[in-house]
Every structure is written in structure tokens, then in C-alpha cells.
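This report describes one protein model for a reader who has not seen it before.

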Amino acid sequence: MLVMPGLPPMKKTSRVQDGAAVPLPPDPRVQETNQASRCFRTFMDFLDCRHYLSEENYNCAFLKETYNRICPSFWTEQWYEQLKKGTHPAWEEPPPPKICDVCPKEE
């Protein structure tokens with residue numbers, strides 16, 4: 001079973017069964033019917049996941065599939081263009097992961 005902080009544990013299963021896409025699991029962070037905020041949050045979560053793990057990671061692939069299924073394609077195309085230009089309003093390169101929180105600091 002795979003676990004990613006902030007997301008429920010996921011099993012490696014196919015997202016397509018009998019030729020039909022499996023419904024996406026609900027996101028408890030988004031309670032409203034309008035899925036625009038879920039679209040944006042999932043896209044941003046994917047960028048973080050890709051930065052720390054890789055795009056091939058199962059959890060990152062799940063996030064990418066999720067935003068591709070709920071976001072209008074012109075939104076994601078626009079966001080990728082903004083990322084290329086460095087003008088995306090919500091994305092800052094996250095810091096590298098901390099290896100050890102209790103290790104002595106190097107000087």
C-alpha cells in the first residue's frame with residue numbers, strides 16, 4: 001500500500017475497469033460542488049509531488065490523472081505556459097527536502 005502525506009493510502013489498481021473510467025475518490029479538502037478549487041489544488045499537489053519524487057511515481061501519476069480528468073485542458077495548458085515563463089502566480093520552487101531535522105547544523 002502506498003502512502004503520501006495529506007492523501008489517503010492508495011492501492012495499486014487500474015483506474016479503468018470494464019472499459020469505463022473508475023470515479024475519482026472524493027477529496028475531503030473540497031466540500032463544494034464546484035470542482036475548480038479541487039482542480040487547482042490537485043495541479044499544485046502534482047507539481048510538489050513531481051518535484052520531490054518524480055512524475056513516474058504512482059502517487060504523482062494519480063494526481064496527474066486526477067487533474068487531467070477534472071480540469072479544463074485550456075486551464076492546464078495556460079498554467080504550464082506560465083510555469084515555463086516563470087509567471088505562475090502560485091508556484092515557487094519548493095525547498096529541497098530536509099534530510100534530518102535533529103542533525104547538527106553544518107557551518
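## Disulfides

The predicted model contains two disulfides, a disulfide being a pair of cysteine sulfur atoms within 2.5 Å. One of them is formed by cysteine 39 and cysteine 71, with 1.9 Å between the sulfur atoms. The torsion about its S-S bond is about 125 degrees, so this disulfide is right-handed. Cysteine 39 belongs to helix H1 and cysteine 71 to the loop between H2 and helix H3 (73–85), so the bond ties together parts that are 32 residues apart in sequence. Helices here are DSSP runs of H or I with at least four residues, strands are runs of E with at least two, and both are numbered from the N terminus. Cysteine 39 has 1% relative accessibility and counts as buried; cysteine 71, at 8%, counts as buried too. Buried means under 20% relative accessible area, exposed means over 50%, and partly exposed lies in between, with a 1.4 Å probe and protein chains only.

The other disulfide joins cysteine 49 to cysteine 60, with an S to S distance of 1.8 Å. This link is left-handed, with -90 degrees about the S-S bond. Cysteine 49 lies in helix H1 and cysteine 60 in helix H2, so the pair ties together parts that are eleven residues apart in sequence. Relative accessibility is 2% for cysteine 49, which counts as buried, and 0% for cysteine 60, which also counts as buried.

## Basis of the model

Residues are numbered from 1 along each chain as its sequence is written.

## Overall layout

The protein has three helices and four strands. Along the sequence they follow the pattern β-β-β-β-α-α-α. Of the 107 residues, 26% are buried.

Contact means heavy atoms within 4.5 Å. Among contacts between residues at least 6 apart in sequence, 56% join residues at least 24 apart.

## The nonpolar core

A nonpolar core is a set of buried Ala, Val, Leu, Ile, Met, Phe, Trp, Tyr and Cys residues joined through side-chain atoms within 4.5 Å. The largest one has twelve residues: Cys39, Phe43, Met44, Phe46, Leu47, Cys49, Cys60, Leu63, Tyr67, Cys71, Trp79 and Trp91. Helix H1 (36–52) and helix H2 (58–70) each supply at least two residues of this core, and H1 gives the most, with six. In soluble globular proteins, nonpolar side chains tend to be buried together.

Beyond residues up to four places away in sequence, cysteine 39 touches Tyr67, Ile70, Cys71, Trp75 and Trp79.

H1 has 17 residues and reaches 25 Å from its first C-alpha to its last, close to the expected 24 Å. The expected span is 1.5 Å times one less than the number of residues. The buried residues of H1 are Arg38, Cys39, Thr42, Phe43, Met44, Phe46, Leu47 and Cys49.

H2 has 13 residues and a reach of 19 Å, close to the 18 Å expected. Its buried residues are Asn59, Cys60, Phe62, Leu63, Thr66 and Tyr67. Seen down the axis of H2, they fall within an arc of 155 degrees, so they line one face of the helix. The arc is taken from the directions from the helix axis to the C-beta atoms.

## Helix H3 and the segment after it

The end C-alpha atoms of H3 are 19 Å apart, which agrees with the 18 Å that its 13 residues should span. Thr76, Trp79 and Gln82 are buried in H3. Their arc, seen down the axis of H3, is within 120 degrees, so they line one face. These buried residues pack against H1 and H2, while the face turned away from the buried side carries the exposed residues Phe74, Glu77, Lys84 and Lys85.

Glycine 86 follows H3 and has a positive phi, near 80 degrees. Alanine 90 lies in the segment after H3 and is partly exposed, with a relative accessible area of 40%. Apart from neighbours within four places in sequence, alanine 90 is in contact with Phe40 and Met44. The C-alpha atoms of alanine 90 and phenylalanine 40 are separated by 9.9 Å, and these residues are 50 apart along the chain.

Terms used: Predicted model: local features only at pLDDT ≥ 70, side-chain atom pairs only at ≥ 80, totals over all residues. Heavy atoms only, no water.
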